[in-house]
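Q: Please take a close look at one part of this model, the surroundings of the ligand, and then describe some individual residues elsewhere in the chain. Which residues come nearest to the ligand?

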Amino acid sequence: VLLSIRWKDGVLEIIDQTKLPWEYEVLKLTNCRQVAEAIRCLKVRGAPAIGVAAAYGVVLGVWDIEDESLVDARMLEVIAILRATRPTAVNLFWALERMQQVYETNRGKRLDEVKRSLLQEAHCIFKEDIEANKQIGRYGAGLIEDGDVILTHCNAGALATAGYGTALGVIRAAWNSKKRIKVLVNETRPLLQGSRLTAWELQQENIPFEIITDSAAGFLMQQGEINKVIVGADRIAANGDVANKIGTYSLAVLAYYHGIPFYVAAPTSTIDHSLKKGEQIPIEMRSPEEVTRIYGLQIAPSEAPAKNPAFDITPHQLITAIITEKGVLKPEDVICVK
Ligand code: MRU
């Protein structure tokens, strides 16, 4: 099993996702600031993976403390640092809240017990995510038919989670249940999570795929070459609206127009019950340089301005179903899930 994140002997190991597919490099993170930096620059990315990494970031943040009187202030500091990394994926805030809760419960106990309880909680968040993804895979595979050509966007695979993946988890499960499927992988500009990461994962498992440019999706739908679309999610509002990688909304509109089912696969930790509608979800704006440069190579006139929203919002009306570990839900029904 591919693990993008691993805790080993007091160190957080992550696969550097900015180096894939050229290099497989495992980074060893030893403090909370390194974890925050890794999240901010997408060395570790994907909503559930960000949550898991942040939970271990909290552990690293208090790991070196030897004086009990310093823990309260350090916890506050560490959580603030991790919260400030990326705004859209709610799994980050969800995981940090779980860590905070565990701290409150164990506060005042011996320092080594407090540290142990935090590590335990991070391990739980990690394990629960893998379990949830496998369950999403089982439910989702039931929606896939033999011969389907499935379009996916960005990377919602093992790399984006603790393991197995959400949208790619469904694809994995369908493939493992002997359904002959093919995956079309949107390259996912500007940072190419589709062509770099999703293609890399599919190749490891010998699942048939082809990479397409983001703008080819409409034409291929019109040609009848796509049967289903499955994507992940960074945050789902209580009404079922979904924030996901920029370009997802365009795909949903296209799928709706062509009568193609559009599925979102996500664990229930991605549902934000505090937000009524998708328009309330904070959308991360990233550096214009991610648009005007590709891996250092300038691809626009120098000084050319660019706008770089990293996510968009797909209204629930365009979503056929949301596949969670608790079942396949109509978007309007996520409100009932606790
Ligand atoms: O900017 P990224 O690469 O972190 O964006 C990731 C996505 O949009 C994924 O589709 C989403 O987090 C779901 S991952 C299971």
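A: The account below begins with the ligand and then turns to selected residues.

This is a predicted model, in which local features need pLDDT of at least 70 and side-chain atom pairs count only at pLDDT 80 or more, while totals for chains, interfaces and linings use all residues. Residues are numbered from 1 along each chain as its sequence is written, and side-chain values use heavy atoms, with hydrogens and water left out.

The shell around the ligand holds 18 residues, and R45, A47, R86, N244 and K245 come nearest (a residue is near if one of its heavy atoms lies within 4 Å). Sorted by class, this shell contains seven nonpolar, seven polar and four charged residues. In that sorting, Ala, Val, Leu, Ile, Met, Phe, Trp, Tyr, Cys and Pro are nonpolar, Asp, Glu, Lys and Arg are charged, and the others, Gly among them, are polar.

A polar side-chain atom of R86 lies 2.8 Å from a ligand oxygen. In the case of D234, an N or O atom of the side chain is 2.9 Å from an oxygen atom of the ligand. G46 takes part through its backbone, where a polar atom is 3.0 Å from a ligand oxygen. Taken alone, the ligand exposes 420 Å², and the protein buries 100% of that area (accessible areas come from the Shrake-Rupley method with a 1.4 Å probe; for residues, only the protein chains shown count as cover). Two or more residues of the shell come from each of the elements α2 (47-63) and β9 (242-245). Such helices (H or I, at least four residues) and strands (E, at least two) are DSSP runs, numbered from the N terminus.

Helix α2 also contains W63. At a relative accessibility of 33%, W63 counts as partly exposed, because buried means under 20% relative accessible area, exposed over 50%, and partly exposed in between (1.4 Å probe, protein chains only). W63 and E225 are 162 residues apart in sequence, and their C-alpha atoms are 52 Å apart in space.

Attention now turns to a set of linked side chains. R172 is part of helix α6 (residues 167-176), and its relative accessibility of 7% makes it buried. The side chain of R172 makes a polar contact of 3.0 Å with that of E201 (a pair of N or O atoms within 3.5 Å; within protein, one must be able to donate a hydrogen and the other to accept it, and residues adjacent in sequence count only if both atoms are side-chain atoms). The side chain of E201 is also joined to the side chain of N155, by a polar contact of 3.3 Å. N155 lies in the loop between β4 (149-152) and α6 and is buried, with a relative accessible area of 3%. A further polar contact, of 3.2 Å, links the side chains of N155 and T198.

K178 is not a glycine, yet its phi is positive, at about 70°; its relative accessibility is 69%, so K178 counts as exposed. L192, in the loop between β5 and α7, likewise is not a glycine and has a positive phi, near 60°. L192, however, is buried, with a relative accessible area of 13%.

P190 also lies in the loop between β5 (182-186) and α7 (193-204), and the peptide bond joining R189 and P190 is cis, with omega about 5°. Another cis peptide bond runs from L20 to P21, with omega near 5°; P21 is placed in the loop between β2 (11-15) and β3 (26-29).

Two further residues conclude the description. E128 belongs to helix α5 (residues 111-141) and is partly exposed, at 39% relative accessibility. Its side chain makes a polar contact of 2.8 Å with the side chain of R98. E128 and P267 are 139 residues apart along the chain, while 9.8 Å separates their C-alpha atoms. I260 is found in the loop between α9 (248-257) and β10 (262-265), and at 10% relative accessibility it counts as buried. From C-alpha to C-alpha, I260 and N227 are 6.1 Å apart in space, although 33 residues apart in sequence.
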